[in-house]
Structures are given as C-alpha cells and as structure tokens.
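Please look through the sequence and the model below before reading on. The paragraphs that follow are meant to be read with the structure open beside them.

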Amino acid sequence: MQTKKILFIINPVAGGKTVNKENLLSSIKSNLPKGSDYDIKIWEDLSQNDEIHKMISSGNYEMVVAVGGDGTINFVAQEAMRQGMPIGIIPLGSGNGLARHLGIPLKTTEAIKNIASGKEMIIDTGIINGNIFICTTGAGFDALIGNLFSESKERGFFTYAKMTLQQLVNYKPQEYTITFDDKVLKRKAFILALANVNQYGNNTYIAPQADIQDGYLDICIIKPFKAFEFPQLGIRIFNRTITKSPLYEYYKTKKVEITFEGNDPVHFDGEPVIMGNKLNIEVRPASLKVIVPN
C-alpha cells in the first residue's frame with residue numbers, strides 16, 4: 001500500500017516577519033526521516049483559501065502541518081477537523097499560544113522532528129458565532145489591542161506590550177451580560193475571555209487552570225482596576241497566579257451567551273473581527289487531532 005503524503009501549509013509572513021523559505025524548506029528536508037513524502041504549499045493570500053482546503057480534503061494526505069502562528073493553525077484546522085485528519089505544528093507566530101500550551105518545541109528544527117516522532121492527541125476546540133477557535137476568544141481590552149496589533153507593521157511581544165501601555169490610560173471597560181448554565185452575570189470587565197488553552201501566547205497566562213481536553217471552556221473575567229494595581233496584575237498573568245487576584249473571576253462552561261452595548265471588536269485566535277453585540281460561544285469536545293511530543 002502506498003504511503004500517503006504530509007502536506008505543509010506555510011504562512012510566509014507569520015509573526016509579521018518574512019519567512020526565509022529556502023532555509024525553511026531545507027530544514028524540513030533535513031529533519032524529516034529519509035524517504036518522507038510531502039508537498040509544500042505557500043499560503044500567499046486569502047484568494048488561495050478554497051484551493052488549500054481542497055488540497056487538505058483531497059484524500060492524498062495523512063497529515064497536514066501548519067507552519068505559522070495561531071491564525072494559520074486555525075485556518076488549517078478548519079478543514080482538517082472536517083476530514084478527521086491530524087495536524088502538525090511548526091510555530092512561527094508572534095505568540096504561539098497553542099504550541100506553548102501543548103509543549104510543542106518553538107525551535108523550528110525540533111518542531112519538524114516532532115512531526116515524525118510525536119504522538120497524536122485529541123483536543124477540544126470552540127465555536128463563536130459559527131467561527132472555529134482553538135485557543136481563545138473574547139471581548140474587551142485584549143480585543144482592542146488585537147485589532148491594533150493586526151494593523152501594525154511591527155509584531156512580537158514588545159510591540160504588544162507597548163500598545164498595551166499606550167491604550168491602558170484611556171480605555172473604558174464595557175459592561176457585559178454573561179448567560180451560562182443557570183447563571184446570568186452582569187459584569188463590567190476590562191477583559192472578558194473564553195479560553196480553551198492557558199495563555200494568549202508569549203507566556204501570558206489568562207487561564208492557567210484551563211485544560212484543553214476537559215470538554216469545557218473557561219470564562220475569564222478581569223475586572224476594572226486602578227493604575228497602581230496594573231503592575232501586580234501583570235506579574236500574576238506571567239507567573240500563573242492570576243487566579244489568586246481579587247480582580248480575576250472564572251467559571252467553566254460548555255456554552256455561553258454574551259451581550260453588550262455597541263459594536264466593539266472581538267477576537268478569536270488573535271484575529272480581530274466585528275460580530276455585533278451578541279456572542280454565542282460553545283465548546284466542541286475532542287474535535288481536533290494534534291501531533292504533540294511524546
């Protein structure tokens with residue numbers, strides 16, 4: 001029986017930087033086992049979306065590998081889930097939240113080796129107003145920053161941190177109505193996030209308690225705070241102790257409805273969008289196969 005190929009989908013501008021394609025292709029060839037059969041597809045622009053999804057669903061591949069950040073993984077996973085096909089990850093994004101949560105190597109050569117040597121893990125995903133997400137979704141300050149970040153020519157942690165500090169002073173938290181299980185919460189929130197993984201990326205742990213295989217999403221609320229409280233809040237986000245802060249509140253749920261006034265941006269897997277003022281979010285348990293380290 002003929003061995004099926006691996007399909008690599010490469011985002012050439014992952015993380016806001018131009019990927020050195022020659023070096024990457026050489027590294028893939030050098031670090032996969034000898035005789036590996038694979039195809040490479042460069043995802044140049046959105047006009048190729050249908051073509052790439054057709055390649056994934058063609059039946060010619062046993063695995064598809066997303067080479068890029070969480071947005072690239074999301075795009076690849078959409079069709080891979082429909083086909084029941086496992087995905088591999090070579091993290092080249094600016095945050096790499098999913099790879100960090102799963103312990104996938106951030107070093108490219110090690111991530112390539114993991115494609116062949118790793119094991120298959122089945123994880124949860126989520127859906128917001130019909131859109132799939134794997135890592136996080138939500139509204140509030142992080143969605144605002146995500147929107148600005150997507151428009152910036154500069155990427156990376158320091159750009160994100162700079163934008164955060166610039167916008168922090170004038171940001172006015174929105175009030176949200178959060179309906180889930182038998183609860184209706186009205187909360188003014190600086191950040192309202194639904195997390196499937198423990199972090200946004202770059203080790204910013206918005207939900208250190210999140211479990212990607214428990215069949216639940218974590219509702220994470222950061223309440224409005226005074227300027228002098230921000231440094232301590234930031235420290236807690238990075239050292240995984242945010243759950244101990246009186247400014248933090250979280251719940252686990254399978255399904256939630258969120259409403260708010262206005263038409264503020266929301267985000268899913270780092271992609272900012274306008275979805276109106278009513279969000280329907282739910283978990284999709286055990287819906288995606290991912291190759292992770294043994």
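The model is a predicted one, in which local features need pLDDT of at least 70 and side-chain atom pairs count only at pLDDT 80 or more, while totals for chains, interfaces and linings use all residues. Residues are numbered from 1 along each chain as its sequence is written, and side-chain values use heavy atoms, with hydrogens and water left out.

Strands, like helices, are DSSP runs numbered from the N terminus, with at least two residues (E) required for a strand and at least four (H or I) for a helix. Buried stands for under 20% relative accessible area, exposed for over 50%, and partly exposed for what lies in between, as computed with a 1.4 Å probe on protein chains only. Strand S8 pairs in the antiparallel sense with strand S9, residues 183-189, over seven bridges, where pairing requires that DSSP finds at least two bridges between two strands. Within this pairing, Glu175 has Lys188 of S9 as its bridge partner, and Ile178 stands opposite Leu185. The hairpin formed by S8 and S9 has two residues between the strands, and Asp181 takes a positive phi near 50° there. Strand S8 also pairs with strand S13, residues 255-260, again in the antiparallel sense and over four bridges, with Thr177 standing opposite Thr259 of S13.

If residues up to four places away in sequence are not counted, Ile258 touches Tyr176, Thr177, Ile178, Leu192, Leu194, Asn277, Lys278, Leu279 and Ile281, where contact means heavy atoms within 4.5 Å.

Pro12 is found between strand S1 (5-10) and helix H1 (21-31), and it is buried, with a relative accessible area of 8%. Leaving aside neighbours within four places in sequence, Pro12 is in contact with Lys17, Thr18, Val19, Ile42, Trp43 and Glu44. By contrast, Val290 lies 278 residues from Pro12 in sequence and 22 Å from it in space, C-alpha to C-alpha.

Turning to charge, side chains of opposite charge can pair when their charged atoms come close. The structure holds 11 salt bridges, each being a side-chain nitrogen of Lys or Arg within 4 Å of a carboxyl oxygen of Asp or Glu. One of them joins Lys41 and Glu51, with the closest N and O atoms 2.7 Å apart. This pair links distant parts of the chain, 10 residues apart, with Lys41 in strand S2 (residues 38-42) and Glu51 in helix H2 (residues 49-56). Here Lys41 is buried at a relative accessible area of 16%, whereas Glu51 counts as partly exposed at 38%.

Another salt bridge, between Glu110 and Lys113, has its closest N and O atoms 3.5 Å apart. Because these two residues are three residues apart in helix H5 (residues 108-117), Glu110 and Lys113 are separated by about one helical turn. Both count as partly exposed, Glu110 at 33% relative accessibility and Lys113 at 38%. Lys183 forms a salt bridge with Asp182, with 3.7 Å between the closest N and O atoms; Lys183 is partly exposed at 34%, and Asp182 is exposed at 71%. Finally, Arg187, Lys223 and Glu249 are linked in a network of salt bridges.
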